[in-house]
Amino acid sequence: MTYRAPLQDLVFSLRLAAGREALEADGLYADLAGGLAEQTLAEAARFAEGQLLPLDREGDRIGARFADGAVITAPGWREAYAQWRAGGWNAIAADPDFGGMGLPALLNAACTEIWNAANISFALCPLLSHGGVEALESHASDALKETYLGKIVSGEWTATMNLTEPQAGSDLALLRTRAARHPDGSYRLTGQKIFITYGEHDLADNIAHLVLARLPDAPAGVKGISLFLVPKFLPDASGAFTRRNDVRCAGIERKLGIHASPTCTMIYEDAAGFLIGEENNGLACMFTMMNNARLSVGLQGVALAERATQAALAYARERRQGRAPGASETSAIVEHPDVARMLLTMASLTAAARAICFETAASIDRARRDADPARAREADERASLLTPVAKAFSTDIGNDVTSLAVQVHGGMGYIEETGVAQLMRDARICAIYEGTNGIQAIDLAGRKLAMSGGARARREIDDMRAIARESGEAALAEAVEALAQASEHMARAMKDAPAQGLAGATPYLRLFALARGGTLLEKGAKLARRENDPNAKRYETLSRFFAKNVAVAAPGLARMVMEGAESVTDARAALGS
């Protein structure tokens with residue numbers, strides 16, 4: 001099974017999200033003018049296809065190994081990571097003051113899709129480091145930045161996120177890891193963390209663990225959580241980081257997928273740590289890292305969906321079975337209408353999810369780059385609104401599309417040799433980690449919908465409505481109106497009957513994504529027609545298919561939101577509760 005980065009689609013999606021004027025020499029994305037975006041993505045594709053992709057199957061087969069307290073990564077991992085570092089890929093979006101390139105989040109999003117499509121198990125390591133860089137840039141003291149940021153930005157060191165404990169998964173109020181103040185101004189952490197991605201490995205000389213813990217006098221609940229940086233190695237008398245801290249990996253998990261990514265149990269035994277931000281404000285600091293990771297995980301869903309679509313389409317063009325309607329001889333299965341429907345479903349879902357993720361990244365860029373404070377605030381709110389949709393919808397369709405890839409392959413998909421079974425296994429975690437998709441739906445319905453008194457969501461719907469109206473596509477217009485009605489209902493329900501609002505949150509997020517994804521596909525098709533893009537016909541086909549075969553589910557989802565929630569809240573007895 002091969003993968004080729006869809007460079008034309010990535011560049012087109014980037015341009016669509018950025019806006020044509022923004023990519024001009026005096027625009028918001030002036031640093032991408034003159035072909036820099038195209039050149040960067042072409043180089044990213046060469047590295048991913050040439051170095052990361054060949055390691056993916058072997059990494060899945062052998063996986064990371066744990067021996068004598070150490071993690072040994074899969075064959076070729078160390079060499080690939082050294083090349084990754086040498087290429088400067090870790091530094092794309094980081095602050096130039098700490099060795100970063102300062103390039104847009106939108107460009108980094110496109111690169112993130114490429115890395116994860118080629119080898120998600122490898123890409124998880126820098127994904128966490130990118131989030132750590134954002135958290136440190138936003139909240140760490142100057143001293144911590146000076147010591148750690150440059151090393152993490154360069155990839156010489158890596159970063160992790162330590163939240164989960166055996167009794168505290170999504171409910172961080174239950175965490176028990178303790179932090180005690182030390183006379184030298186540092187802290188000492190004691191506790192256990194589980195499911196820590198790349199918590200131990202042999203790729204880098206040091207690992208900066210970002211750890212949530214509770215001080216002895218902390219308030220109860222999430223308001224009493226602090227964030228600390230706990231390095232694997234501490235400086236010795238000469239200043240070199242050679243002194244082992246009291247943190248260790250106790251083992252790694254055996255998992256359904258992402259076998260080459262070590263998922264570690266971490267033990268902290270009076271380990272030295274350094275406060276990030278203020279005491280008891282750790283969750284706010286960690287959310288900087290988590291929001292970055294949520295968009296990146298959404299892009300993982302897009303990446304695996306893209307790779308699965310490529311594999312299924314290649315197989316369907318080669319595999320010959322039966323006679324398609326009107327054929328006089330055995331046909332390639334791509335000619336059979338039901339197989340074509342599956343392939344178009346896969347391609348259109350992937351394109352819609354990519355469009356939503358890129359819009360989210362572009363809003364992050366505008367929030368950081370726009371000189372007008374009001375426009376920057378507006379962009380920041382839009383990024384907040386779209387982030388749970390980008391994460392949840394994209395990882396949901398990652399599961400849908402990789403499953404369809406197995407279906408297109410038939411029995412050949414169910415065995416490991418073709419590789420699509422691995423994609424389905426790898427994709428399954430994406431809807432779970434960095435906040436389950438149910439939590440994303442609750443975030444959208446309970447917090448983001450209410451931003452600015454609901455005005456931000458209404459502006460987003462107005463934008464969708466304008467696109468749908470101009471398209472003349474009835475199914476798209478119906479989807480947007482279904483979202484508008486369900487949004488009004490959800491806003492009332494979250495105030496007056498929150499249990500019913502929560503029961504409808506997941507179908508509400510799917511409805512939102514279908515309306516937003518469908519209108520972005522239509523917007524892209526219109527842009528492609530106007531610019532005589534060589535792929536204009538394909539973009540029009542995907543937009544039309546999505547409207548008539550995917551977005552048509554919107555009215556039913558709206559009924560689930562507005563009428564179905566009570567059947568959930570009233571049925572607890574059937575579940576034995």
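Predicted model: local features only at pLDDT ≥ 70, side-chain atom pairs only at ≥ 80, totals over all residues.
Me: How many disulfides does the count come to?
Reply: A disulfide is a covalent bond between the sulfur atoms of two cysteines. The cut-off applied to a pair of cysteine sulfur atoms is within 2.5 Å. By this rule, the count of disulfides is zero.

Me: Which cysteine has the closest sulfur to that of Cys357, and is Cys357 buried or exposed?
Reply: With a relative accessibility of 0%, under the 20% limit, Cys357 counts as buried. A distance of 11 Å to the closest cysteine sulfur is too far for a bond, and that sulfur is in Cys430.

Me: Which helix gives the largest share of the lining of the second largest pocket?
Reply: The second largest pocket holds about 740 Å³ of space. Among its 31 lining residues, those closest to the centre are Asp9, Thr309, Ala347, Arg538 and Leu542. Two or more lining residues come from each of helix 1 (7-18), helix 6 (282-318), helix 7 (337-369), helix 15 (505-530) and helix 16 (536-549). The largest share, eight residues, is given by helix 7.

Me: How many charged residues are in the lining of the second largest pocket?
Reply: Asp, Glu, Lys and Arg count as charged. By class, the lining has 17 nonpolar and nine polar residues, and the charged residues number five.

Terms used
Residues numbered from 1 in each chain as written. Heavy atoms only, no water. 1 Å grid on protein atoms, 1.4 Å probe; cavity = no way out; pocket = protein on both sides within 12 Å on 5 of 7 lines; lining within 4 Å. Points joined across faces, edges and corners; volume = space filled by probe spheres on them. Helix = DSSP H or I, 4+ residues; strand = E, 2+ residues; numbered from the N terminus. Buried < 20%, exposed > 50% of the residue type's maximum accessible area, 1.4 Å probe, protein only.
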